[in-house]
Amino acid sequence: MKPLSRSLTVAVAALFALVMIGTRFHHFGDWLHLPDASMALFFLGGIYLRKHLLFVAFVALAVLVDWYSVSYAGVSAFCITLAYAFLPLAYAVLWYAGRAVAPRFDGSLRSHAVVFMTLLVSASLSYVVSGGSFYFLGGRYPHPTLADYGVRLMTWGPLFVRTTACYVLVAQVAHAVFARVFRAHEGAAHA
């Protein structure tokens with residue numbers, strides 16, 4: 001996929017930021033409580049936004065939302081431990097996997113499958129980084145063991161990957177629909 005134009009990059013980045021804020025900070029209440037889309041947005045950011053500086057901006061946004069949530073919105077600080085410092089690495093796994101697959105993404109069914117398989121692998125690795133750092137470095141488990149971590153990994157990892165994959169699948173469908181509409185509109189304009 002060719003890099004987006006500057007104006008489209010700004011629009012996509014703004015949309016991704018709104019989705020991150022809306023799903024990471026559950027301020028809209030239970031009736032609109034969607035799972036956190038942050039991990040999917042980092043993967044999609046790698047595909048559509050690509051720039052290193054935008055990666056840093058999204059990491060900063062995630063930290064800012066978390067800080068506000070814990071400081072002012074009454075969200076528990078349970079996950080804010082030494083392990084929190086490893087989240088940028090978990091995000092980087094997703095962003096740079098998306099960035100690596102972006103040139104091969106041409107909108108074909110095959111390229112959608114390649115993107116989705118890349119997402120499954122990178123989301124799994126990202127969870128190993130985030131979940132593993134929390135388990136071993138977070139100080140919440142008195143005697144962490146590899147065996148216990150393996151059980152936790154198999155329990156919570158699939159949920160993490162499934163949530164991330166669902167958001168990416170929605171984005172892939174939206175991409176395919178918009179591309180088809182754009183081609184039809186472009187074809188009608190040239191006729």
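**Figure 1. Alanine 57 lies in helix 3.** Helices here are DSSP runs of H or I with at least four residues, numbered from the N terminus. This is a predicted model, in which local features need pLDDT of at least 70, side-chain atom pairs count only at pLDDT 80 or more, and totals for chains, interfaces and linings use all residues. Residues are numbered from 1 along each chain as its sequence is written, and side-chain values use heavy atoms, with hydrogens and water left out. Alanine 57 has a relative accessibility of 40% and therefore counts as partly exposed; buried means under 20% relative accessible area, exposed means over 50%, and partly exposed is in between (1.4 Å probe, protein chains only). From C-alpha to C-alpha, alanine 57 and alanine 13 are 9.8 Å apart in space, although 44 residues apart in sequence.

**Figure 2. Helix 2 packs with helix 4.** Helix 2 covers residues 38-48 and helix 4 covers residues 87-101. Their axes are 6 Å apart, and the packing angle is about 40 degrees. Axes are lines fitted to C-alpha atoms, for helices over the stretch in contact, and angles run from 0 to 180 degrees between N-to-C directions. Helix 2 and helix 4 are therefore oblique to each other: angles under 35 degrees count as roughly parallel, over 145 as roughly antiparallel, 65 to 115 as roughly perpendicular, and the rest as oblique. The crossing of helix 2 and helix 4 is right-handed, a term for a near helix turned clockwise from the far one by less than a right angle, with anticlockwise giving left-handed. Residues of helix 2 that meet helix 4 include Met39, Phe42, Phe43 and Ile47. Among their partners in helix 4 are Leu87, Tyr91, Leu94 and Trp95. By class, this contact of helix 2 with helix 4 has eleven nonpolar, three polar and one charged residues. Here Ala, Val, Leu, Ile, Met, Phe, Trp, Tyr, Cys and Pro count as nonpolar, Asp, Glu, Lys and Arg as charged, and the others, Gly among them, as polar.

**Figure 3. Helix 3 crosses helix 4 at roughly 145 degrees.** The axes of the two helices come within 11 Å. The crossing of helix 3 and helix 4 is right-handed. Helix 3 contributes His52, Leu54, Phe55, Phe58, Val59 and Ala62 to the contact, and helix 4 contributes Pro88, Tyr91, Ala92, Trp95, Tyr96 and Arg99. Contact means heavy atoms within 4.5 Å. The residues of this contact of helix 3 with helix 4 divide into ten nonpolar, one polar and one charged.

**Figure 4. Helix 1 and helix 2 are roughly antiparallel to each other.** Their packing angle is about 170 degrees, and their axes are 10 Å apart. Val12, Phe16, Val19, Met20 and Arg24 of helix 1 make the contact with Ser38, Leu41, Phe42, Leu44, Gly45 and Tyr48 of helix 2. The contact of helix 1 with helix 2 has eight nonpolar, two polar and one charged residues.

**Figure 5. The largest nonpolar core has 43 residues.** A nonpolar core is a set of buried Ala, Val, Leu, Ile, Met, Phe, Trp, Tyr and Cys residues joined through side-chain atoms within 4.5 Å. Phe16, Phe42, Phe43, Ile47, Phe58 and Tyr91 have the most contacts inside the largest core. The elements that give two or more residues to this core are helix 1 (6-24), helix 2, helix 3 (52-72), helix 4, helix 5 (109-137) and helix 6 (146-190). Leaving out residues up to four places away in sequence, tyrosine 91 touches Arg24, Met39, Phe42, Phe55, Val59 and Ala62.

**Figure 6. Two arginines are found in loops.** Arginine 50 is in the loop between helix 2 and helix 3. With 15% relative accessibility, arginine 50 counts as buried. Its phi is near 65 degrees, a positive value in a residue other than glycine. Most residues other than glycine have a negative phi. Arginine 104 is in the loop between helix 4 and helix 5. Its relative accessible area is 53%, so arginine 104 is exposed. Apart from neighbours within four places in sequence, arginine 104 is in contact with Met1 and Ser111.
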